[in-house]
Amino acid sequence: MSDQDHFTLIPLAIDPESTAICPAHPSHVSRALQAELEALNNLHTALKALDAPLPVPPPPMPVNPKRSGQITKAREAGNGEYRKQKYDGAIKLYNLGLSLALARPPWEPSQLVREEVHALYSNRAQAHMQMGNWPDAAVDAEASVAAKSQGNAKAWFRRGKCLLEMGRLQEAKGAVAKALEFEGEEKELAELLREIDARIAKEGASA
Amino acid sequence: MFDINWRGLLLPLAYLAVLTGTFVTFSTVYRRRKAFQSANLAPWFGPHLQRNIYLSLLHMEPEEGSEKTPKVPDSVVRAALLRRAVEDINRIIQIRTAKAACSSLLQRGSVGDDLWQRFQRAEKEMEDELRDVVMEANALVPGWGQIIFQSANEIAANKVLRDRLEEIEAQRESEKEWWEKRRAAIRTEFMKELDNESEKSSTRPSTSSADEPVLVDGSSTPSTPSGPKQRKGKK
């Protein structure tokens, strides 16, 4: 951005049928331009599917309650299955909820996406843990804390627990220590940390 | 009385002329160099790709062979403007995070003056850019100027979140593979321990293994396939 009155003309062409924008000379195109044009075309498709009085995205708030309702329903159905100890079914329902939550149009509030996604990931981690599926559970728990790191003690606990189960003691310790930073003195987390420390001490003694 | 001795004054006058000449030359050269330098300061940000695309779309040139300028649909122009606003949001965030660091570094004298100049210029350019985007937005759809940056802000934040989640998801396969290998390794090790233990216990009664719970477990249940499962169930 050198000057507000100047710009660099980029040779662009438009596909008459799909109205997709593409470079006019596809032979020598930088990767950044290609990625940007792809993002532009994706956004354009998303905008065309928009159902709003104006042809532009409405303000982030208020949110269309339809999708939120579907996601909540999927999560609650998943929780029901979980309580019946049908972990497979629960995971399928959580998957559904996650795909719905992540398919929200990009201009909807990201905070809302975080809220929805963290609960779903955390619950799915728990279901995976019940099945002894530690690596999946560990990844889900990590995704959950990435979406919401504060006030998400359950997911932190699950992450630490899974790493402990897989024998990655140092990583588990790191995760739980970080969790304690975010959550303050959570009782369960502190206990888990003690457990991990005991395991480390034991491994150190036997090695 | 008023007969000035011009000849005698020649020397001081020449001296003064040389002196002012030197000053003037020095000051013009110095100023010109300074201006040149500040004009050539590297811009804070690289080229604004999204802005270039947006303006290129507005100034589409006719393709070779045909006279007609290709018509860009309004929806594409709107999408391009929204992309431009998203990039502006990213730049604003960068400027805001850099500002505190920059000014404190400048106060301590850790960075030169030209960095600060570059920064201030970027800030000013950013303001113009935002005003421009709002104007363009209002021209495309009345009233869009008020909300385009709200939308752009959410788009930028969602992008950050989704990138992070994708990064984590990408680890899933390798984590699973690692765990399969690791579990297989644990299992074979455990079998070996079990075998050793059964050999030992067949030769002499185990006395030393009392402090090793895993081995005790193993000796109490000599049926080998149930060993790993038990160990897992215990946790």
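Which residues of α2(B) are buried? The legends below answer this question and then turn to other views. This is a predicted model, in which local features need pLDDT of at least 70 and side-chain atom pairs count only at pLDDT 80 or more, while totals for chains, interfaces and linings use all residues. Residues are numbered from 1 along each chain as its sequence is written, chains are lettered from A and ligands numbered from 1 in the order in which they are written, and side-chain values use heavy atoms, with hydrogens and water left out.

**View 1. Helix α2 of chain B and its cover.** Helices (H or I, at least four residues) and strands (E, at least two) are DSSP runs, numbered from the N terminus. Buried means under 20% relative accessible area, exposed over 50%, and partly exposed in between (1.4 Å probe, protein chains only). The buried residues of α2(B) are B:Gln50, B:Arg51, B:Asn52, B:Ile53, B:Tyr54, B:Leu55, B:Ser56 and B:Leu57. Because 8 of the 10 residues of this helix (residues 49-58) are buried, helix α2 of chain B is largely enclosed by the rest of the structure. Its cover includes β1, β2 (21-23) and α1 of chain A, together with α3 and α4 of chain B. Here, contact means heavy atoms within 4.5 Å.

**View 2. The interface of chain A and chain B.** Chain A brings 60 residues to the contact and chain B brings 58 residues. The size of an interface is often given as the accessible area lost when the parts come together. The buried area (the accessible area, with a 1.4 Å probe, that two parts lose on being put together, summed over both) is about 5200 Å² between chain A and chain B, and carbon and sulfur atoms give 64% of that area. Across this interface there are 15 residue pairs in polar contact, both residues being at pLDDT 80 or more. A polar contact is a pair of N or O atoms within 3.5 Å; within protein, one must be able to donate a hydrogen and the other to accept it, and residues adjacent in sequence count only if both atoms are side-chain atoms. On the side of chain A that touches chain B, at least two residues each come from β1 (12-14), α1 (31-48), α3 (87-102), α4 (110-130) and α5 (134-147) of chain A.

**View 3. Salt bridges between the chains.** A salt bridge is a side-chain nitrogen of Lys or Arg within 4 Å of a carboxyl oxygen of Asp or Glu. Between chain A and chain B the count is 7 salt bridges. In one of them, A:Asp136 pairs with B:Arg172, with the closest N and O atoms 2.5 Å apart. A network of salt bridges links A:Arg124, A:Asp136, A:Asp140, B:Glu169, B:Arg172 and B:Lys176.

**View 4. Salt bridges within chain B.** B:Glu129 forms a salt bridge with B:Arg84, the closest N and O atoms being 2.8 Å apart. This pair links distant parts of the chain, 45 residues apart: B:Glu129 lies in helix α4 (residues 113-140) and B:Arg84 in helix α3 (residues 74-108) of chain B. Both B:Glu129 and B:Arg84 are buried. Another salt bridge joins B:Glu87 and B:Arg91, at 3.0 Å between the closest N and O atoms. B:Glu87 and B:Arg91 both lie in helix α3 of chain B, 4 residues apart, about one turn of the helix, and both are buried.
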